[in-house]
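Try each task before reading its solution.

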Amino acid sequence: MTFKKVLFGGDYNPEQWPKEVWTEDMRMFDLASINSATVNVFSWAQLQPSEEEYDFSQLDDIMEMLKKHNYQIVLATSTAALPAWMSRRYPDVNRVDFEGRQHKFGHRHNACPNSPTFRKYSPLLAGKLAERYGDLSEVACWHISNEYGGECYCENCEKAFRVWLKKKYQTLENLNDAWNMTFWSHKIYSWEEIVAPNALGDAIGTEKTAFAGISIDYRRFMSDSMLQNFVDEKNQIRRFDATTPITTNLMGTYKGLDYFKWAKEMDLVSWDSYPSYNTPASYTAMCHDLMRGLKNGQPFMLMEQTPSQQNWQPYNSLKRPGQMKNMSYQAIAHGADTIQYFQLRRSKGACEKFHGAVIDHVGNEHTRVFKEVAELGGELAQLGDSFLTATTPAKVGLIFDWSNYWALEYTSGPTIELKYVEQIHHYYQELYRRNIDVDLVPIDGDYEKYDLLLAPCLYMIEEASAKKIEKYVTAGGTFVTTMMSGIVSQSDNVHLGGYPGPLKELLGIWVEEFDALPPETHYQVVFEDGRQQDCRMLCDIIHPKGAQTLANYGKGEFYQDTPAITRNQFAKGAAYYVGTMLSEAGMTELFDLILADLDIPELILPAGIEVKTRIKDNQVLKFVLNHRNETVAATLPFNGTDLLAGQACGGDVELEPFGVKLIAVK
Ligand code: GLA
Ligand code: ZN
C-alpha cells in the first residue's frame, strides 16, 4: 500500500476562516510545495446541524478548491467530537468518567464507544461522506475519527462488557477462576454482578487495581469497543469506496489501545509524533519503529507533527532552526512515507491558538517556520519517490505487547518505578547507540527472521508464546529477557512452580525472589572480566539450572556473589536473563557480550549522530542525522551520493547543527 508521491501537508481547517483566507492559503501552500491537506477532522456540527439535517455545502467548496489545486486529500470523518445537539438529545453518547460522573457536553474524543446513538450516527456520517466524495481520485486516504483514546464507564459499556466477557469465558466458573475471585470474597453468581473497574469499583486510583484480571479485561474490552467504532465507519466507507486506504491516527506508545490488534483492521498505519523538548531522539526513533512494526514493516504516515511548537506540554519549546527538518527525515529514515503537520494555519481561538502551524498568526510567508517548511517541501519534491515504499532491513526484533504493558503496570509490587515503555526504551537505546536497525514486533510475530530477539519485562506470557520463543531459540535464535518476565498468564494469575514460569527451562534458571531497591539505592554487578557496573530498581535472586553466569552481584547484600545475569545455551541458540536494571555502561558491557556471538553490523559514531537504512529496489539509502544543535564530525564507513546536496559524500563528513545527509550508497 502506498501513495503516488510523498504527501506533504497536514491538518487544514478552512472552515475556521472566511473564504478570502482560503485563497491566501492556496497561494502560500504552493510556495511551500505543499501537495496534501487533511480536512474535515472536526466538523460534525457543521455537517449535521441537527438530527434531521445534513449540510455538505462548505465541505463541497473545500474539496472543490483542493481538487482545483491538485491536492492529495486526506479525508477525515469528523466523528471525534460530538455535536452539542446530540449530547443534549441523547445523553447516552456522553461518556461516564473514571469517577463515575456522567458528562454533559464539551471537549472532544468524548463519545461513549458503546452508545447506540453514536454507533448509529457515526457510521452514517462516514457513509454519507464516502458516497459523496469516495470516487474522487484526489482522495488519497480516509482518516477515521481522530486519536481514539480514553475510556467510558457508563451502563451501556458495563452491559457490553458483560457480553464481551461471556464470549470470552463462556461460564461464570471460568470467569471466577480467571479473575481469582475467591480472593476478598469476590466470587460472583450472576453476570449482572460484574461492574466496570473504575473508582466506584475495583480500581485503586487510575494506575492500580485490586483485581488486575478485571482491569486488564476492561482495557482489552475498551480497545475492542473503539476498534469496533473504527470498523463500523470503515464498513460504511467501503460500501461506496472499495479501494482508497483507510487509516486513523495513532499515538506511538499510547497505553489505552492494543495497536497491534488495531493495525489488522487498518490499511495503513499513521501516527502523530509530538516529542517534547527533552525527549531523547532514541525515544522518538523507537516510536517510529513501533509504528512501522504494527504492520510488519510496512511504511507508515507521519500524520501529524508540529512545525514549531506544541501547546499541550508543560514547556512548549520551539523546535530549533533545522530541527523540524531533522525530525522529519528521522521519521522517513524509520519508514514514514508522508510528512504532515498539525496544522497548516494556526487557529485564532480556543486551546490550540498557540500551537505551531505552517502559517502563523502574522499570516504571511515571511516567518522562520514557514521558510523551513518550504525548504523541506522543496527537498521532498526533488527527492520524488526515491524512498517511497523502501523497507528497513532489521536483524533485531524487540517484543512490545499491550496486554503485558497493562498487566505489568497494574501489578501491586514489587516497585512503583517499573514502567514498561521505559524498560523497552532502556534496551532499545543501547541498540540505537550502536546504530543497529530494530523492528518492534508483537508477541505472536514472525521472529524467525531475526538473529536477536529481545523481550524486556515480559511479565505476562502464555505457554504457547513461551513455546514459540523456545522454537525460535532451538533453531538458533538468541533471546534476551529480564527481571519481571514469565510471571503471569493472560488474567494476571501466577504461573506456579517458580519464576520465570514457562521460560524457566529455556533460560536454565529459577528465580526465587526479587528485591526492590529504594530510589536512592544502587547496587553493583560484577562481570566475569572483573568489571563492576551499576544496577538499580530490582535485583532478582537467581539459581542457575544449567545456565552459565555472566555477572554476579557485588558485595554488600545477602545475595552478594550470586548470579545477576545468565546465559543458557539451548539447542542451537542462546537465552539470556538479566535479573536487574543495568546502568547504561552496564548495558554496553552486556551487549558487547551478546553481540560478540552474532553477525549484526553496528556503527558507533559520536553521540547524537544517528544512521538508519532503508532499501528500495536494491538501492541502499543511508540517512545520517545529527540530532545535536552543533556541528559534529563523523567518519562514515560508506559513500555514495548525498541526494539532498546532490554531490558525492562519505568517509569523513561534517554535519551541521541538526544536519541531515541522505546517501544513496554506491
Ligand atoms: C493531536 C490531535 C490534533 C491536535 C494536536 C495538537 O495530535 O490529533 O487535533 O490537537 O494533537 O498537538
Ligand atoms: Zn459508555
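The exercises below use a predicted model.

**Exercise 1.** Classify the ring pair Phe-161 and Phe-221 from its geometry.

Solution. Start with the search of the whole structure, which finds 33 aromatic pairs. Phe-161 and Phe-221 have ring centres 5.2 Å apart. That is within the 6.5 Å cut-off for a pair. Next, take the planes, which lie at 45°. Stacked needs under 30 degrees and edge-to-face over 60, so the pair is tilted.

**Exercise 2.** Which helices hold Phe-161 and Phe-221?

Solution. Phe-161 belongs to helix 6, residues 155-169. Phe-221 belongs to helix 8, residues 212-240.

**Exercise 3.** Are Phe-161 and Phe-221 buried or exposed?

Solution. The cut-off for buried is under 20% relative accessible area. Phe-161 has 0%, so Phe-161 is buried. Phe-221 has 2% relative accessibility, so Phe-221 is buried.

**Exercise 4.** Classify the ring pair Tyr-553 and Tyr-559.

Solution. The ring centres of Tyr-553 and Tyr-559 are 5.2 Å apart. Their planes stand at 70°, so this pair is edge-to-face. Both tyrosines, Tyr-553 and Tyr-559, are buried.

**Exercise 5.** Which rings lie under Lys-128 and Lys-468?

Solution. Take Lys-128 first. Its charged end sits over the ring of Tyr-54, 4.6 Å from the centre. Now take Lys-468. Lys-468 lies over the face of Tyr-447, 4.6 Å from the ring centre.

Notes:
Residues numbered from 1 in each chain as written. Chains lettered and ligands numbered in written order. Predicted model: local features only at pLDDT ≥ 70, side-chain atom pairs only at ≥ 80, totals over all residues. Heavy atoms only, no water. Phe/Tyr/Trp six-rings, centres within 6.5 Å; stacked < 30°, edge-to-face > 60°. Helix = DSSP H or I, 4+ residues; strand = E, 2+ residues; numbered from the N terminus. Buried < 20%, exposed > 50% of the residue type's maximum accessible area, 1.4 Å probe, protein only. Lys NZ or Arg CZ within 6 Å of the ring centre and 35° of its normal.
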